[in-house]
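Colleague: Could you take me through how the labels in this model are decided? I would like to see each value next to its cut-off.

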Amino acid sequence: MATVITVRAPFAFMRRLVSARLHRHCCSKLQAACFVSQPHSYSLIAGQQHRFFHTSYVAARPVLQFKLSDIGEGIMEVTVKEWYVKEGDKVSQFDSICEVQSDKASVTITSRYDGIIRKLHYDVDSIALVGKPLVDIETDAGQVEGPQEDVVETPAMSQEEHTHQEIKGHKTQATPAVRRLAIENNIKLSEVVGTGKDGRILKEDILNFIAGQTGAILPPAPFQEIRPPPPAAAAPLAPAAKPKEKMTPPSVPTPAIPKPVFTGKDHTEPIKGFQKAMVKTMSAALKIPHFGFKDEVDLSQLVRLRSELKGLAESRGVKLSYMPFFIKAASLGLLHFPILNSSLDENCTNITYKAAHNIGLAMDTNQGLLVPNVKNVQMLSVFELAVELNRLQTLGAAGQLGTADLTGGTFTLSNIGSIGGTYAKPVILPPEVAIGALGKIQVLPRFNHKGEVVKAHIMNVSWSADHRIIDGATMCRFSNLWRSYLENPASMVLDLK
C-alpha cells in the first residue's frame, strides 16, 4: 500500500492545484491510493509524480429563532429590562439570556441550547411580544428537536397554588445550576423531591438522590445551633481620679437629595410595566364601594417587647421590625372574621372564603408600588414572618420580585407610616375585600387607667372594606380585636398555633 502524506496548504494554492490537475485524475485512483482527506488539504503519494486534491464541505450550523413563550397570567407583552448576552457570545443550556418585566413580575429568560448568539431582536426597554422572536442562536444540527421556545426561570410558587411550576412543559422548581447538575448525572427532576421553599429542588436534593441510587452515604450538613447573643463584656473600670468625659453622639449624615433638572419641555412616555398594572388594578377598584374606618393603637407594650426580641433576632441573622406583629395579629383576627379574607365574583353572586391568609405588604420600590404577599400567615410564627419579610424586601429592593410573590394575595396592609403620615384612605386591591393603612408611630401624651398623663407610643390605622359584603360593625369589631392583640402582645400567645 502506498504511503500517504497529508500536507496543509493555503486555500489559494490548492485552488490553483485543482484547476491544473483535477481533469487528469479520477476518484477511483484516489480510492486505490487509500486517500485520507481533510478539508482544504492535498496528498502526495510516494512513488508517483501526480498530486491529488480532495475537498469536503461542512454543513452550515442552523440558526434558531428563539421565540418568547407564554409566561402565564395572560401576559401578551413584556419589557426587556436587561440583556445578559451580546451578539457573538457563547451560551450554554440554562444560561441567563435576558430579564423581562411584565405588568406583574420580573422574569429571567434562560437558554435551551448550547450555541452562539447571532442577533438580539430588541433593545433595552423595548416591548417584546409573546410568540415573536427574542434572540437568534446558532446551534449544532443535533440540538434541533422540534419547536424552539425559551426556558423561563421564575420564583417558586406556593404549594397551595401549584405543586410544580408549569411553563412550557417545565414543571420543576430549580435554578439553572441545579438543572445542569441533574443533566450531567442523567437525573429527571420530576423524580427528585425538593426540600427547598415551596418544593424547590436544591443542590443537596440532587446529591442525596445520587447517593440513594449508588448507595453512598453523604455526610450530613453541619447543624447550626441557634444561640442567644453573648452577654456584652463588662467594660473595665476607669480610674476614680479621672472624671468621665461627656460623649457626644455621632452626627448622622443627611442623605443627599438630587437637584431637580428643569428642561422647560413637555415629554410623553408610554405607560408600561408595573405602572400599567397599577392603572388596571385601580380602575377596577373604582367599581368597589369603599367603607372607611379609622382608629389609634397604643403600642407601648409592643415597643418594649420588640426591643427585647430585636437582639435575639439579629443573632439569628434576621431584622425584626413591627410588621411581623401587625401581620400576625391581622391573621388571628381573620380567623374570627373570615369574610374579610374572602373575594366576590364579578357578577356579585358568590363569595369565596379563602383558606390561606396570604397577607400582602404594600412596598415602595424604584419600580413603583408593589404588593408582594406572605403565603399562609396562619401557619407561620412571628419569627418566620420576619424571615419572609426580609426576603421580600431584599427582592423588592433589587427589582427581583416574581409572579409567585406578587399574586394570590387575600388581605393587604400598607405601611405608609414608614414614609410619613398618620391617616390615609387605602384603596382595595381586587379581588380582595379589605385593606389597612398603618401610620407612623408617635410618642404622645395619654391618660393611663389611673388618670395620670403618661408617654405612649401611638399609631393610627385606617381601614377600607368592600361595603357590598362587609358592614361597618364587622370592620369595627375586627379592628378592635386586632388592636387588642397589639396593645397586649401577650394575649397573642393564647391563640398562636
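Modeller: Let's begin with Cys348, which has a relative accessibility of 40% and so counts as partly exposed. Buried is under 20% relative accessible area, exposed is over 50%, and partly exposed is in between, with a 1.4 Å probe and protein chains only. Bear in mind that this is a predicted model: local features need pLDDT of at least 70 and side-chain atom pairs pLDDT 80 or more, while totals for chains, interfaces and linings use all residues. Residues are numbered from 1 along each chain as its sequence is written, and side-chain values use heavy atoms, with hydrogens and water left out.

Colleague: Why is Cys98 called buried?

Modeller: Cys98 has a relative accessible area of 0%, so it is buried.

Colleague: How many disulfides are there?

Modeller: The count is zero. A disulfide here is a pair of cysteine sulfur atoms within 2.5 Å.

Colleague: What makes the pair of Tyr322 and Phe326 stacked?

Modeller: Rings of Phe, Tyr and Trp (its six-membered ring) pair if their centres lie within 6.5 Å; planes under 30 degrees apart are stacked, over 60 edge-to-face, and the rest tilted. The search of the whole structure finds seven aromatic pairs. For Tyr322 and Phe326 the centres are 6.3 Å apart and the planes at 15 degrees, so this pair is stacked. Tyr322, at 18% relative accessibility, counts as buried, and so does Phe326, at 3%.

Colleague: And what kind of pair do Phe337 and Phe478 form?

Modeller: An edge-to-face one, at 6.4 Å centre to centre and 90 degrees between the planes. Phe337 is in the loop between α7 and β14 and Phe478 is in helix α10, 141 residues apart, and the pair links distant parts of the chain. Both Phe337 and Phe478 are buried.

Colleague: Why is α7 described as largely enclosed by the rest of the structure?

Modeller: Because 12 of its 14 residues are buried; among them are Met323, Phe325 and Leu334. Helices (H or I, at least four residues) and strands (E, at least two) are DSSP runs, numbered from the N terminus. Helix α7 covers residues 323-336 and reaches 20 Å from first C-alpha to last, close to the 20 Å expected at 1.5 Å a residue, where the expected span is 1.5 Å times one less than the number of residues.

Colleague: How do you know that Arg306 lies over the face of Tyr322?

Modeller: Arg306 is 4.7 Å from the ring centre of Tyr322. The rule asks for NZ of Lys or CZ of Arg within 6 Å of the ring centre and within 35 degrees of the ring normal.
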